[in-house]
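Subject: Structure handover and findings

Hello,

Here is the structure you were waiting for. Please open it first, then read the notes below.

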Amino acid sequence: PAGIGAAIAAAKNGASVAIVDRFGGFGGLATLGQTTNCEGGVYLSGDKQLIGGVFEEFLNSLLEKKGALRGNDLIQNHIFYACDESRCENDLQIVMVEVETFKQAADEFMDKYGVDVYFFTMITDVVMDGSKIQGIIIDNKNGKQILLGKQFVDCTGEAWVANKAGAETILPNPKAPIELNFRAAGIRNVIDSYQGNMKELPYGAVNFFPLPHSNHFRFEMTRYLGNSAEADDLSTAMVECRKQVPVLINWLKENWSGCENMFLLDSAEWIGCMAYRTVVGEHQLTIKESLELKIPEDSVLLSGYGVDLHSHEEGGQNHLIYLQPGQCFGIRYGCLIPKTPIDNILVAGRAISREPGVGTELIAVTMSTGEAAGTACALSIKNNVKPRDLDVTVLREQLLAQGVLLQPKPAAKFDGYYLQR
């Protein structure tokens with residue numbers, strides 16, 4: 001999602017843009033990883049709207065294609081959460097997306113804004129000229145090539161390009177949770193979709209989410225402990241998590257009301273790593289800062305998601321601190337700027353400079369970090385300055401002109417559809 005936000009925003013601001021993806025569809029964990037929802041309290045929080053800009057434009061496209069439900073639709077239309085009181089979140093205005101529609105919409109947006117697309121292409125290295133990136137080395141069916149550029153936005157989810165360019169990064173814990181989502185159908189009249197303290201299960205909880213298709217659900221219940229920076233661990237994690245899927249389905253059939261006739265649709269093509277490389281930035285967003293609900297004057301987007309630390313034990317319990325409906329904090333521009341003096345790269349997405357667990361990994365938030373970074377890079381080219389030297393006031397003014405929200409605004413009329421706990 002960060003790559004989508006960065007590419008569209010840069011192109012809107014007059015830059016010639018290329019986007020590189022190792023797979024054949026955009027969205028990363030949102031599509032290939034089946035992270036099919038943006039948690040409540042992110043796009044809409046209580047009676048406030050927190051995110052606009054590219055994400056809202058993209059969401060409107062999904063809604064037109066009937067490939068998404070806006071935050072409060074599950075409640076107001078009595079589709080699911082209207083009768084489910086098991087969820088631990090304070091705000092259930094969850095944005096739900098359909099994977100194939102998401103990928104199709106992303107393709108259309110790239111065509112609409114004239115972005116050059118490189119699918120099935122790996123980035124293998126960078127070409128440096130002192131403190132400046134000249135280009136990235138890519139490898140695909142045409143062999144190795146160098147893709148030159150004036151500015152770069154790292155949306156790899158692990159600051160991989162920034163790290164290759166020499167930026168200081170923080171490596172993940174060698175034994176951290178890695179998870180594989182899966183989708184299932186044949187589920188009828190299910191009410192409770194969450195229960196913690198289930199230590200007999202790898203994830204330590206029953207946890208699943210509705211999909212746009214009736215009686216289809218996405219399950220987040222597998223867990224393997226490994227190092228997301230090691231290729232061997234990623235391969236092992238994929239195999240081990242996939243082994244857990246049929247075991248979990250059989251357990252749910254026997255133990256969870258409404259799941260008696262469930263069957264597997266598919267498992268994700270990519271795994272979610274809950275600890276990964278992040279950049280060391282000009283500013284690090286801390287848990288304390290987010291829970292104090294600070295919106296600094298140099299913020300470039302808002303988030304309403306609290307703390308989400310996944311357990312580093314099999315069967316262990318996640319540490320969650322949800323903000324109250326309507327609360328939010330700002331993410332500063334410095335979180336996107338590597339502290340290492342590299343002239344022409346910003347980091348967007350989940351690998352921005354932050355403490356582990358700060359709520360910045362959601363689809364809407366990562367896409368918005370991309371929008372901020374892509375806009376900043378285009379403005380840097382126009383003004384002939386390094387991104388780190390760009391006047392943040394100029395950046396914020398342009399983001400506001402693009403519909404980005406830098407202060408919460410009243411949401412469209414609502415009817416008390418978020419939970420108050």
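Predicted model: local features only at pLDDT ≥ 70, side-chain atom pairs only at ≥ 80, totals over all residues.

Residues are numbered from 1 along each chain as its sequence is written, and side-chain values use heavy atoms, with hydrogens and water left out.

**Cores**

The largest nonpolar core holds 64 residues. A nonpolar core here is a set of buried Ala, Val, Leu, Ile, Met, Phe, Trp, Tyr and Cys residues joined through side-chain atoms within 4.5 Å. Buried means under 20% relative accessible area, exposed means over 50%, and partly exposed lies in between (1.4 Å probe, protein chains only). Ile 4, Phe 55, Phe 58 and Phe 102 have the most contacts inside this core. Several elements each supply at least two of its residues, among them helix H1 (2–12), helix H2 (53–64), helix H4 (99–112) and helix H9 (392–401). Helices (H or I, at least four residues) and strands (E, at least two) are DSSP runs, numbered from the N terminus. Strands contribute too, including S6 (95–97), S22 (299–303) and S25 (329–332). H8 gives the most, with nine residues.

A second, separate core has 33 residues. It includes Tyr 194, Ala 237, Met 238 and Trp 251.

What does Phe 55 touch, leaving aside its neighbours within four places in sequence? Its contacts (heavy atoms within 4.5 Å) are Tyr 43, Val 95, Ile 363, Ala 364, Met 367 and Ser 368. As a general point, nonpolar side chains tend to be buried together in soluble globular proteins.

**Second largest pocket**

Its volume is about 310 Å³. The search ran on a 1 Å grid over the protein atoms alone; a pocket is an open set of points where a 1.4 Å probe fits, with protein on both sides within 12 Å along at least five of seven lines. Grid points are joined across faces, edges and corners, and the volume is the space filled by probe spheres set on the points. The lining has 19 residues, counted as those with an atom within 4 Å of a point. Met 274, Ala 275, Tyr 276, Pro 356 and Gly 357 lie nearest the centre of the pocket. By class, the lining has nine nonpolar, six polar and four charged residues. Ala, Val, Leu, Ile, Met, Phe, Trp, Tyr, Cys and Pro count as nonpolar, Asp, Glu, Lys and Arg as charged, and the others, Gly among them, as polar.

**Sheets and hairpins**

Two strands pair if DSSP finds at least two bridges between them. Two bridges join S3 to S4 (residues 48–49). Leu 44 has Gln 49 as its bridge partner in S4.

Next come two hairpins. S8 (residues 122–129) runs antiparallel to S9 (residues 132–140), joined by seven bridges. Asp 125 stands opposite Ile 137. Two residues separate these strands, and Gly 130 in the turn has a positive phi of about 65°. S9 also pairs with S10 (residues 143–148), antiparallel, over six bridges. Ile 136 stands opposite Leu 147. Two residues link S9 to S10 in this hairpin.

An open sheet of five strands has the order S15-S16-S17-S14-S19. S15 (194–195) and S19 stand at its edges. S16 (residues 206–210) and S17 (residues 217–219) pair over three bridges, antiparallel. Phe 209 stands opposite Arg 218.

Phe 263 is in S19 (residues 263–267). Beyond its neighbours within four places in sequence, Phe 263 contacts Ala 184, Ala 185 and Gly 186.

Most residues other than glycine have a negative phi. Gln 34, not a glycine, has a positive phi of about 60°. Gln 34 sits in the loop between S1 (18–20) and S2 (37–38) and is buried, at 2% relative accessibility. Asn 384 also has a positive phi, near 55°. Asn 384 lies in the loop between H8 and H9 and is exposed, at 72%.

Best regards
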